[in-house]
Amino acid sequence: MTDQPNRTAGQLVDDLTSDTARLVRDELRKGQQELLAKAREASRGAAMLGGAGVLGALAAGTSAALLVRTLGTFLPKPAAALVATTLYAGGAAALGAVGLEELKKVGPLLPEETIASLREDVRAVRPGT
């Protein structure tokens with residue numbers, strides 16, 4: 001904004017509109033960058049939860065025939081299936097717990113800094129504040 005003393009109301013409105021548009025663009029850009037940073041942080045926990053899902057599916061179906069057959073040489077077949085299922089379920093539970101902890105570290109996926117900045121901007125332009 002220029003500091004010319006004899007500016008018309010139209011020029012002042014144009015400057016205000018331009019400044020407001022620039023402020024909104026800057027805040028949106030800042031929010032986008034903040035969301036991308038949080039998404040990068042959350043990706044590790046989400047990947048672990050995905051791994052937990054895969055291992056959980058293996059536990060539910062006990063489709064790892066090699067493990068069951070190997071255990072079946074030492075144990076009765078039902079016991080071999082139970083041991084294999086327990087191993088996969090334990091792995092799924094461990095990965096799930098670690099993945100949830102990773103996601104809790106990230107916190108809410110809202111652009112908190114941008115929201116706070118926008119609130120300050122609104123307070124600054126609100127009449128009487």
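The model is predicted.

## The largest pocket

The largest pocket has a volume of about 180 Å³. Its lining consists of Leu16, Asp19, Thr20, Leu23, Val24, Leu118, Asp121, Val122 and Val125. Two elements, α1 (9-61) and α4 (112-125), each give two or more residues to that lining. Helix α1 provides the largest share, with five residues.

Asp19 and Asp121 are among the lining residues, and Asp counts as charged. Thr20 also lines the pocket.

## Asp19: pocket lining and salt bridge

Besides lining the largest pocket, Asp19 forms a salt bridge with Arg22. The closest N and O atoms of this pair are 3.3 Å apart. Both residues sit in helix α1, three residues apart, so about one helical turn separates them.

Is Asp19 buried, exposed or partly exposed? Its relative accessibility is 24%, so Asp19 counts as partly exposed.

## Salt bridges in helix α3

The count of salt bridges comes to four. Among them are two pairs in helix α3, Glu101 with Lys104 and Glu102 with Lys105.

Take Glu101 and Lys104. Their side chains meet at 3.9 Å, N to O. The cut-off for a salt bridge is 4 Å. The two residues lie three apart in α3, about one turn of the helix. Glu101, at 44% relative accessibility, counts as partly exposed. Lys104 has a relative accessible area of 61%, so Lys104 is exposed.

Now Lys105 and Glu102. The closest N and O atoms of this bridge are 3.5 Å apart. Lys105 is exposed, at 62% relative accessibility. Glu102 has 14% relative accessibility, so Glu102 counts as buried. The limit for buried is under 20%.

## A nonpolar surface patch

Which residues form a nonpolar patch on the surface? They are Phe74, Leu75, Val83 and Leu87. Together they have about 400 Å² of accessible area.

Leu87 belongs to helix α3, which spans residues 77-106. Its relative accessibility is 55%, so Leu87 counts as exposed. Exposed means over 50%.

At 29% relative accessibility, Leu95 is partly exposed.

How far apart are Leu95 and Leu49 in sequence and in space? They are 46 residues apart in sequence. In space, the C-alpha to C-alpha distance is 6.6 Å.

## Helix α3 in brief

Several of these features involve helix α3. The helix holds Leu87, a member of the nonpolar patch.

Technical notes. Residues numbered from 1 in each chain as written. Predicted model: local features only at pLDDT ≥ 70, side-chain atom pairs only at ≥ 80, totals over all residues. Heavy atoms only, no water. 1 Å grid on protein atoms, 1.4 Å probe; cavity = no way out; pocket = protein on both sides within 12 Å on 5 of 7 lines; lining within 4 Å. Points joined across faces, edges and corners; volume = space filled by probe spheres on them. Helix = DSSP H or I, 4+ residues; strand = E, 2+ residues; numbered from the N terminus. Patch = residues over 30% accessible without salt bridge, like charges linked within 9 Å, V, L, I, M, F, W, Y side chains within 5 Å. Areas by Shrake-Rupley, 256 points an atom, 1.4 Å probe, with all protein chains shown as cover. Buried < 20%, exposed > 50% of the residue type's maximum accessible area, 1.4 Å probe, protein only.
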